[in-house]
Amino acid sequence: MSIVDFISAQYRLVITLVVILLFPISIRLCKQLLSHLTKGKIDSHRQQRAELLIRIIVALLLTCLLLVFWGIELKGLLVLGSSLFAMLGVALFAGWSLLSNLTSFLIMFIQNDCRIGSWVRIIDGANHIEGRITEMGLMHVALQHLDGHKVIYPNNLFVTRPVMILEKAPVKVKEMPIKRPLGPKVPK
């Protein structure tokens, strides 16, 4: 049995091995392209998250390519994908769900305005909260308040509320003295 006969008999296995070997090469090329496009524009934390996202996308594309090559119909995958897309749509509008926090994290990942170390003021009606962003997680943004307190703010509220990005740290406001209530003075 010659090598040509083996390859023609086991062509699916050979193609699968070629795709598996192409995976690290395609990841390396995508990382180089990403670093070339974003050179000096984003911080290292976002760079790592973008590289992880690229790995996931390339792995999904190569897996779908292999599934098609092996003769598996993608109709089932399309139904699954449309269900996930519908769930993502619900997550964008359902502010109470945990899924909305994850969706908001993806929106914050794409938007590059707020970074770790930025001073922000989140306006919620007549109230606001100011602080320096210390962490941007999957479910919340952690702010370091001027008083030193740590404030955990959910991602879905951070995305839907107006956020002012401050140029410098805000000045701490002096506390107002407590005024005595109106009415007659009570003798001691």
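View 1. W119 stands opposite R132 in β2, and its bridge partner in β5 is L166. This is a predicted model, in which local features need pLDDT of at least 70, side-chain atom pairs count only at pLDDT 80 or more, and totals for chains, interfaces and linings use all residues. Residues are numbered from 1 along each chain as its sequence is written, and side-chain values use heavy atoms, with hydrogens and water left out. Strands here are DSSP runs of E with at least two residues, helices are runs of H or I with at least four residues, and both are numbered from the N terminus. Two strands pair if DSSP finds at least two bridges between them.

**View 2. The hairpin of β1 and β2.** Follow the chain from strand β1 (residues 119–124) into strand β2 (residues 127–136), and you will find the two paired in the antiparallel sense over six bridges. Two residues lie between these strands in the hairpin, and G125 in the turn has a positive phi of about 70°. I123 stands opposite H128 in β2. A handy point for reading such a view: in a regular strand the side chains alternate between the two faces of the sheet.

View 3. Five strands make up an open sheet with antiparallel pairing, in the order β4-β3-β2-β1-β5. β4 (150–154) and β5 (163–166) stand at the edges with a single partner strand each, so one side of each has no neighbour in the sheet. On average, neighbouring strands of this sheet are turned by 40° against each other, direction ignored.

**View 4. Helices α2 and α3 packed together.** Helix α2 (residues 11–37) packs against helix α3 (residues 44–69) at an angle of about 155°, and their axes are 10 Å apart. The axes are lines fitted to C-alpha atoms over the stretch in contact, and angles run from 0 to 180 degrees between N-to-C directions. α2 and α3 are therefore roughly antiparallel to each other, a label for angles over 145 degrees. Their crossing is right-handed, meaning that the near helix is turned clockwise from the far one by less than a right angle. Residues of α2 in this packing include I15, V19, F23 and I27, while those of α3 include I54, V58, L62 and L66. Contact means heavy atoms within 4.5 Å.

View 5. Buried means under 20% relative accessible area, exposed over 50%, and partly exposed in between, with a 1.4 Å probe and protein chains only. Not counting residues up to four places away in sequence, T16 touches L66 and W70.

View 6. V171 is found in the segment after β5, and its 70% relative accessibility makes it count as exposed. V171 and L146 are 25 residues apart in sequence, and their C-alpha atoms are 8.3 Å apart in space.

**View 7. Stepping back to the whole chain.** The protein has six helices and five strands, which run α-α-α-α-α-β-β-β-β-α-β from the N terminus on. Of its 188 residues, 23% are buried.

Methods: Parallel < 35°, antiparallel > 145°, perpendicular 65-115°, else oblique.
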